[in-house]
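I opened this entry to keep track of what I looked up, one topic at a time.

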Amino acid sequence: MKKLVLVSLMILLAVSIITAGSTITIKGSDTLVRLGQRWAEEYMKKNPGVIIQVSGGGSGTGIAALLNGTTDICEASRDMKSKEYKLAEKKGFKPVRYSVALDGIAVFINKDMPIKELSLAQLKGIYTDAITNWKEIGGPDHLIILYGRENNSGTYAFFKKQVLDREDYADRTQTLPGTAAVVNAVAKDKWGIGYGGIAWAKGVKFVAVKKDDTTKAVIPTSESVSSGAYPISRELYWFFSSEPTGEMKKFLDWALSEEGQQIAEEVDYVPLPKK
Amino acid sequence: MSFKPKSRIKEFLGEKIIAITAFSALLAIILIFAFIFKESLPIFYDAEIQEEASLNKMTFKQEYIEGRDPKWSWQPNSDIPKYSLLPLFIGTLKAALVAMLFAIPLGVGAAIYSAEFASRRMREMIKPVIELLAGIPSVVLGFFALIVLATFLQDFFNFTYRLNAVNAGIALGIAVIPIIFTMAEDAMTSVPQSLRDAALALGASPWQVSLTVVLPTALPGIAAGIVLGFGRAIGETMIVLMASGNAAIISGSITDSIRTISATIAAELAEVVFGSAHYNVIFFLGTILFIFTFIVNMGGELVLRRLKERFQGKII
């Protein structure tokens, strides 16, 4: 009897060691978490025995986790800051970056707002409080209600850099924890305007954006982001603490393959341009 | 029954172990405070940090861009980081104030009914149900306020800003009601029966008894509940993070968006660069929050002690 218990314990131990060897943790950007989860599901279906755990928290959170060694893959919707690269160097490793998909930042308004297009300059004015009334940009006479993301979000940082020319957001911007919350608020607020990844924006109206007054306004779609015609787009990254090997390498290659990119498109991200 | 000598040692050890557990809680509090405070110290001596965030810069209006009006502003992720604490203080107090305005009448009213007028069966139903409110995770309350309550309030009152101090305050109030209710109810039910009997014997009606005898006697207990509820409202994080709009502005109106200290810590700590001015300021905010809730909770305890003395007839 004792022997039996001992043997079964040893088997259990062996099994747990084998499976523990192929557990991959992914952490980071809230923009990417949905794609990460879909990839993980599909990959686990194809490769039983591999366990992939995906969680969000923001690009900054993910990068911090990578630096602290608590995650294998960090999903980020922005590049690492030079301070973060330096910190990694101090800890003795060199993070490796891969683009895994593209994302456009859509600007959206309530369905009842009769505005079709805005220029980057107008958007900057709106979010820096230089333009405060809808009538200044061709809408009805009412205060513009600003919605945005919390300042730990990669989307916040990207929009600030790309659209606001690094100026500050208006203090009165209502910041919400997650793009889904921004979309929800704008869907319910007639005077609201918000921004976020194009994958999330259901139930609100996209604004066509033009670079300046001479160019044509473009609605964010998969094609316009992929071709570079839409002016507010970005690359989404995976960071590794070193060049990935083994199961992680296989997972990365699969995500970048046609099949993986197909899944990215299914959940409304933009696949990488084919090489 | 006689003790064997061996059991003396056991007794001695048992006593010491229990003493250690009691002191470990005390030690934990002291260590936590020391750590938080230590991380905020560079604000007071590091010249490089003070360049961005000195006490002066955090307190008074600053002229950030030459020629523009000086202002209070919380923009830590800016090219010119701005760390005014005043908008955060005002936001925190506004949320707590609305929460108390909402929770005190409801909590105390429910306690008076439950302790004085409800039938035994009714009381056995009301008490657990209200106390169940305390068990709702704050993230659920926050989500409810963000999606449902905000829409309802905006349709009803036509607020300009969908997420504001009223919205967050009501959701906070729901979290605070059980605290006020439980403490007030306990205080009222523990008023000695002899006091009630005496008043009734002198010809007072049940309404008069509860209003002129029970309520004044239990007042310290009710006050303690209110104070502890206030402490909770100040420190509560998830609800305000989701329901308040998180806009750091200075305004006297409770229908504007607010940003509280606790929500700021929760939202920004994950992103902050270790050892930067921003990092130190966030820990400084944590220190302030710690001291403030500590004082508030201690105040609550002191009031409670007074209540006990009153029941024992030491003071009137």
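I count two residues as in contact if their C-beta atoms, placed from the backbone, lie within 7 Å. The model is predicted.

**Confidence.** I took the predictor's scores before anything else. The complex has an ipTM of 0.82 and a pTM of 0.77. For chain B the mean pLDDT is 88, and 96% of its residues reach 70 or more.

**Chain A overall.** I listed the secondary structure of chain A as 10 helices and 11 strands. The C-alpha trace of chain A spans about 85 × 40 × 40 Å along its principal axes. Chain A has 275 residues, of which 45% count as buried. I then took the contacts in chain A with a separation of 6 or more; residues 24 or more positions apart account for 71% of them.

**Glu265(A).** I placed Glu265(A) in helix α10 (residues 258-266) of chain A. Why does Glu265(A) count as partly exposed? It does so because 13 other C-beta atoms lie within 10 Å, whereas a buried residue needs 20 or more and an exposed one has 12 or fewer. Leaving aside neighbours within four places in sequence, I find Glu265(A) in contact with Ser222(A) and Pro271(A). I also checked Gly139(A), which is 126 residues from Glu265(A) along the chain; their C-alpha atoms are separated by 34 Å.

**Asn47(A).** I found Asn47(A) in the loop between α2 (33-46) and β2 (51-55) of chain A. Asn47(A) has 15 C-beta neighbours inside 10 Å, so I noted it as partly exposed.

**Helix pair in chain B.** At what angle do helix α5 (residues 86-117) and helix α10 (residues 206-235) of chain B pack? I get about 145 degrees, with the axes 10 Å apart. The crossing of α5(B) and α10(B) is right-handed. From α5(B), the residues making the contact include Ala99(B), Ala103(B), Ile104(B) and Val108(B). From α10(B), they include Ile222(B), Ile226(B), Gly229(B) and Phe230(B). By class, I have 14 nonpolar, 3 polar and 1 charged residues in the contact of α5(B) with α10(B).

**Nonpolar cores.** The largest nonpolar core has 135 residues, and I noted Ile180(B) and Ile239(B) as those with the most contacts inside it. Helix α8 (residues 165-189) of chain B gives the largest share of this core, 17 residues. Which residues does Ile180(B) touch, not counting those up to four places away in sequence? I list Ala103(B), Ile104(B), Gly107(B), Val108(B), Gly225(B), Ile226(B) and Gly229(B). Among them, Ala103(B), Ile104(B) and Val108(B) are also on the α5(B) side of the helix contact, and Ile226(B) and Gly229(B) are on the α10(B) side. I logged a second, separate core of 20 residues as well; it includes Ile49(B), Leu88(B), Ala247(B) and Leu289(B).

Technical notes:
Residues are numbered from 1 along each chain as its sequence is written. Chains are lettered from A and ligands numbered from 1 in the order in which they are written. This is a predicted model: local features need pLDDT of at least 70, side-chain atom pairs count only at pLDDT 80 or more; totals for chains, interfaces and linings use all residues. Helices (H or I, at least four residues) and strands (E, at least two) are DSSP runs, numbered from the N terminus. Axes are lines fitted to C-alpha atoms, for helices over the stretch in contact, and angles run from 0 to 180 degrees between N-to-C directions. A crossing is left-handed if the near helix is turned anticlockwise from the far one by less than a right angle, and right-handed if clockwise. Ala, Val, Leu, Ile, Met, Phe, Trp, Tyr, Cys and Pro count as nonpolar, Asp, Glu, Lys and Arg as charged, and the others, Gly among them, as polar. A nonpolar core is a set of buried Ala, Val, Leu, Ile, Met, Phe, Trp, Tyr and Cys residues joined through C-beta atoms within 7 Å. pLDDT is the predictor's confidence in each residue, from 0 to 100.
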